[in-house]
Amino acid sequence: MQEGTRLTRSIGLIPSSVMIGIFFMVPFVLILLTSVSVPTADGDYQLGFSLEHFDRFASWFYIERALFSAGLCALIALLSLLIAFPFTYMLTQFGPRSQTVWLIYILAQLSLSEVLIAFSWQILLSRTGGIANILVWVGLAEKSFSMAPSAGAVLAALVYLAVPFSVLLLYPALSRLDRSLTEAARTLGASPLRTFFTVVVPVTRPAIISGGVTIFVLTLGAIIVPQVLGKPEHWTLSVLITDQAIFNFNMPFASALAVVLLVISASVIYGVTKFFGGKS
Amino acid sequence: MKSTFTRRRFMGTAAATGVATLAAPSILRAAGEPIKVGTYGGFFESSFKEFIFPEFTKATGIEVNSVAVPTGETWLVQIKNAARAKTAPADVSLMAGIPRNNGARQKLFQTLDESKLPNLKNMPDRFQDRYEDGGLYGVGGVSWYITLCTNSDEIPVAPESWAALWDSQYEGKIGLLGLATNSFLLEVTATTFFGGTDILDTKEGIQKVFDKLSEVVPNVRLWYKDEGSFQQQLQDGEIPMGQYYHDVAGLAAAEGFPVVSTFPKEGGILDSGYWIVPEYANAVDEVHEFINFMSTPETQALLSRNVGTAPVINTDLMDLSEAELAAVASPLEPIIPRYDIYQEHAAWISDTWNKMIAG
């Protein structure tokens, strides 16, 4: 009986496994193969094994870019969770109808592409069209100035991009939160703030961790925002991969950088789930 | 990635929308199949379809199917993949300098028959690309200048030399193209400070030029990859100076924006697209006829007037007025990009460039 169930279960897995195999494993293997390919005399590349592209990565410039990308995305994950968590918690306390309206509104935000967001922020932060003029108007600044390109602009736009995702990632856990836990804490005399930090946050920790990791990985792939709103020193590894693939057409090096990016993502996911992911 | 596509090398939408046939009168329909001609997508393609292809069909009876071609290198890969199946995605197409060099190295282009291209005599040697054995594979099609552009509200007197990029009074006010391979700033620096681009022959020479070029970095506000965002900021005066395309700057000025394009005394950067014929292209005779037609003074004048490109043939053969010529070109000796160095030292130049602009 047990054997039979396992077999039927395995058979059920076949179609999706084949799909995943074709659409994820094959491209991944191709990237891996390209990243270790060898150059030919006529400037092309062919199958082989060479670590020269990884060797090229192993300079301080690219390592620093990789560390910067990881740091930036970690910061974005943290900031977007800080913004999204209290909001989502409040949202789950609303009535079902207003919850639905809010969720639809937030889902709709996801339809804004990174391109649209980057260029909107560029206008918002420009000298002529933007926030700086409001600052002059209220008397906080003397003369209008441009706020982009800058690190702050990259950060702001990426956090803006990540917040709706964070809300949607946190919502299931927070909406399933057992109300009797918070009520008990309140009955026993804890303030709302204390209840929030000592009950709500610890109980939803797995969702916070997985949400943070998802945002981290998501923003690691952002290209347009760092490129449009950042100076070259704020360009992430993804921007450099695009440069190599599209403009310099060095597919092997672009693939090697992509493999590095994958390794960073995988280690962060592994590390975070191993050290923080355990049940509290 | 949409936003980073620019008009010349990058604008082509990935899909080759080559189905748009011309609305030429049916009487002119020749016996043969139409030839497939690839031009950079967007503005270029629509201008060619409107002004150039109908004239060609009128003159020769050969119909044209227009193909929008993507990024130079992407297009090269499509040509290469098609060649494996012994076909070609277009019979003839424009291609920019660096991918053209790469393609020639892999012998992806046909050697052209010069006896069928009498108009080649109109054309300076620099617009004729040849294999080592002397075989012709690339013929100049269209050219455009990158010049020093300024916002006249913010900078009333436009500087006359590329050296202005190094001038500390413009700190934080300059916009430059974001890649070594499309800004050609190595060539600009070599011409302005080292007496010409010969210094770029050696790696040591390129390093010297890089050292000089790195002095502009503090002045640069924006290293742009999409033309649109720089043009916007140039028009607004947000970034009042930088290198930009002479033709588009002229269009902006004509629309009333305070934009001035200056040919610096060292010369504007003259970049070009050349016609190439993929290895397995058919219709070889028609293609030669096309390239020959494109090299006539009349067609080149048509291009200058309607597409805003600089002529690839000797300008004294053409009937352009002084004003028309000034709108697209300059009598000063241009700075010609050294496409070869980006092939020979590709990885090193790209790394050194990235490190330089990141400060």
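Reader: How are helix 10 of chain A and helix 13 of chain A oriented to each other?
Author: In this predicted model, the axes of helix 10 (residues 205-220) and helix 13 (residues 251-276) of chain A come within 10 Å and cross at roughly 170°. Helices (H or I, at least four residues) and strands (E, at least two) are DSSP runs, numbered from the N terminus; axes are lines fitted to C-alpha atoms, for helices over the stretch in contact, with angles from 0 to 180 degrees between N-to-C directions. Angles under 35 degrees count as roughly parallel, over 145 as roughly antiparallel, 65 to 115 as roughly perpendicular, and the rest as oblique. Helix 10 of chain A and helix 13 of chain A are therefore roughly antiparallel.

Reader: Which residues of helix 10 of chain A meet helix 13 of chain A?
Author: Residues count from 1 along each chain as its sequence is written, while chains are lettered from A and ligands numbered from 1 in the order in which they are written. Because this is a predicted model, local features need pLDDT of at least 70 and side-chain atom pairs count only at pLDDT 80 or more, but totals for chains, interfaces and linings use all residues. Residues are in contact if their C-beta atoms, placed from the backbone, lie within 7 Å. On the helix 13 side are A:Leu261, A:Ser265, A:Val268, A:Ile269, A:Val272 and A:Phe276; on the helix 10 side are A:Ile209, A:Val213, A:Phe216, A:Val217 and A:Leu220.

Reader: How many residues of this helix contact are nonpolar?
Author: Ala, Val, Leu, Ile, Met, Phe, Trp, Tyr, Cys and Pro count as nonpolar, Asp, Glu, Lys and Arg as charged, and the others, Gly among them, as polar. The contact has no charged residues and 1 polar; the nonpolar number 10.

Reader: Which helix of chain A gives the largest share of the side that touches chain B?
Author: In the contact, 26 residues of chain A meet 26 residues of chain B. Helix 5 (114-124), helix 11 (224-229) and helix 12 (237-247) of chain A each supply at least two residues of chain A's side. That side divides into 12 nonpolar, 9 polar and 5 charged residues. The largest share, 4 residues, comes from helix 12 of chain A.

Reader: Where does A:Phe249 lie?
Author: A:Phe249 is not a glycine, yet has a positive phi of about 55°. Its place is the loop between helix 12 and helix 13 of chain A.

Reader: How far apart are the centres of the two domains of chain B?
Author: Bounds come from an automatic or database domain assignment. For chain B, this gives domain 1 (7-18 + 30-143 + 272-326) and domain 2 (145-270 + 333-357). Taken over C-alpha atoms, their centres are separated by 27 Å.

Reader: Which helix gives the most to domain 1's side of the contact with domain 2 of chain B?
Author: The contact takes 12 residues from domain 1 and 13 residues from domain 2 of chain B. The most on domain 1's side, 4 residues, come from helix 3 (residues 97-105) of chain B.

Reader: Where in chain B does pLDDT stay under 50?
Author: pLDDT is the predictor's confidence in each residue, from 0 to 100. Chain B averages 87, and 91% of the residues score at least 70. Where pLDDT is low, the predicted coordinates should not be read in detail. The stretch under 50 is residues 1-30 of chain B.

How values were computed
Two residues are in contact if their C-beta atoms, placed from the backbone, lie within 7 Å.
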